[in-house]
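Me: I am new to this structure and would like a friendly tour. Could you show it to me, please?

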Amino acid sequence: MSFAVGVYRPPSEGGSASLLLRVTENCPWNKCTFCEMYKGHPFVYRSVKDIKKDIDTVKAMVEEIEEVSRKIGQAGKINREVLRALLSVDPYLNENQCFSNVFSWMYYGGRTAFLQDANSMIMRPPEFIEVLTHLRKTLPGLNRVTSYTRSKTLAQRKLEELTAIRQAGLDRIHVGLETGDDEILRLVRKGVTSAEQIEGGKKAMAAGFQLSEYWMPDLGGRERWRQHAENTARVLNEINPHYIRSRPFVPRQGTEIFDDYASGRLHISSPHERLQELQVMIENLNVTSHVCFDHNMNSWTNRQGGLLFSLDYEGYKFPEEKPRVLELIREGLTVDESRHIDIKELIALGSL
Ligand code: SF4
């Protein structure tokens, strides 16, 4: 038994505790100059029939695993005894990605699902609603269903459509904002304007989604750091999402922006310069969001040599903890630059 599982999901989505279901394949835009995730892989709009079949397959796997649990006297509980019993019959099950995904998800309580890939909201709303309704009906134990989507698509959807999708069972969406600066958005070919980002973000909030917006410190490089910081704060202030998550920019080999970096057209900031950009962004940020540094590229060092920011998925609650974050940034600026991890050195070492 198998179903479609993709590669990517946000780290905050419960690790192996989330069921992964691929509702579309790859990215329908696939033009951002900094992104290598789906390059070379064409977008596939999956049929509702195929996705529903995948959901039914998951349900059948759940029933089989529970049946084994009952047979060995575990009363339907999912634990290591059940895994041992399953592997004693088929030792290769562990290498089956679908089985591993379903078993881990059940082991951790079977509560959350993440719908892959890059922009689930691209599905025609009635079809997306049909999929969500089927998912919720077939796996009623789910208490959170989440997905990635693009701001542009959110802006294109009517509020009533987004509300209906929310009511059909999609709880949380993750959006790659990257920057709120229109010049940088054009340069990185994000395919959206800051006005559309605001429109899409506000609509998502009005529809009742829990919204995570991801921004990319240093995406404008030394050349455009201030406009990047100020305009990103401006857009996020308008949206006021539940979560703002920092994903510092890393030029990845094989992307167009890497060529800009390698040929000297784009200059990456030093660790202190990145902190100064962050300081301007945070100073300008007036939100009630959780501001998160939940990725290992937020790798600045504190005075004791540990991580400057918590990697916690809930981050720092604003406005209450805004002074704390600004204090941490000031602390990071007093730490000698050589003690911070420098992205340029990691790139030169070939570690990224
Ligand atoms: S929209 Fe997202 S997944 Fe698609 S190319 Fe841009 S960053 Fe990559």
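Reply: Happy to! One term comes up again and again: buried means under 20% relative accessible area, exposed over 50%, and partly exposed in between, with a 1.4 Å probe and protein chains only. Helices (H or I, at least four residues) and strands (E, at least two) are DSSP runs, numbered from the N terminus. This is a predicted model, in which local features need pLDDT of at least 70 and side-chain atom pairs count only at pLDDT 80 or more, while totals for chains, interfaces and linings use all residues. Residues are numbered from 1 along each chain as its sequence is written, and side-chain values use heavy atoms, with hydrogens and water left out.

Me: Which residues of H12 are buried?
Reply: Helix H12 runs over residues 322-334. Its buried residues are covered by elements that include helix H11 (271-283) and strand E10 (316-317), where contact means heavy atoms within 4.5 Å. The buried residues are Lys-322, Val-325, Leu-326, Leu-328, Ile-329, Glu-331 and Gly-332.

Me: How many Å apart are the end C-alpha atoms of H12?
Reply: The expected span of a helix is 1.5 Å times one less than its number of residues. For the 13 residues of H12 that should give 18 Å, and the distance in the model agrees with it, at 19 Å.

Me: Which helices do the buried residues of H6 pack against?
Reply: In helix H6 (residues 159-168), the buried residues are Leu-162, Ile-165 and Ala-168. They cover an arc of only 125° around the axis, which puts them on the same side of H6; the arc is that of the directions from the helix axis to the C-beta atoms. The face turned away from this buried side carries the exposed residues Glu-160 and Gln-167. The buried residues themselves pack against helix H4 (125-138), helix H5 (151-156) and helix H8 (194-207).

Me: How many Å separate the centres of domain 1 and domain 2?
Reply: The domain bounds come from an automatic or database domain assignment. The contact takes 18 residues from domain 1 and 27 residues from domain 2. Taken over C-alpha atoms, the centres are separated by 29 Å.

Me: Which residue's side chain makes a polar contact with the side chain of Ser-246?
Reply: Ser-246 lies in strand E8 (residues 243-246) and is buried, with a relative accessible area of 1%. A polar contact is a pair of N or O atoms within 3.5 Å; within protein, one must be able to donate a hydrogen and the other to accept it, and residues adjacent in sequence count only if both atoms are side-chain atoms. At 2.6 Å, the partner of Ser-246 is Asn-298.

Me: Is Gln-197 buried or exposed?
Reply: Gln-197 is found in helix H8. A polar atom of its side chain lies 3.2 Å from the backbone oxygen of Thr-179. With 0% relative accessibility, Gln-197 counts as buried.
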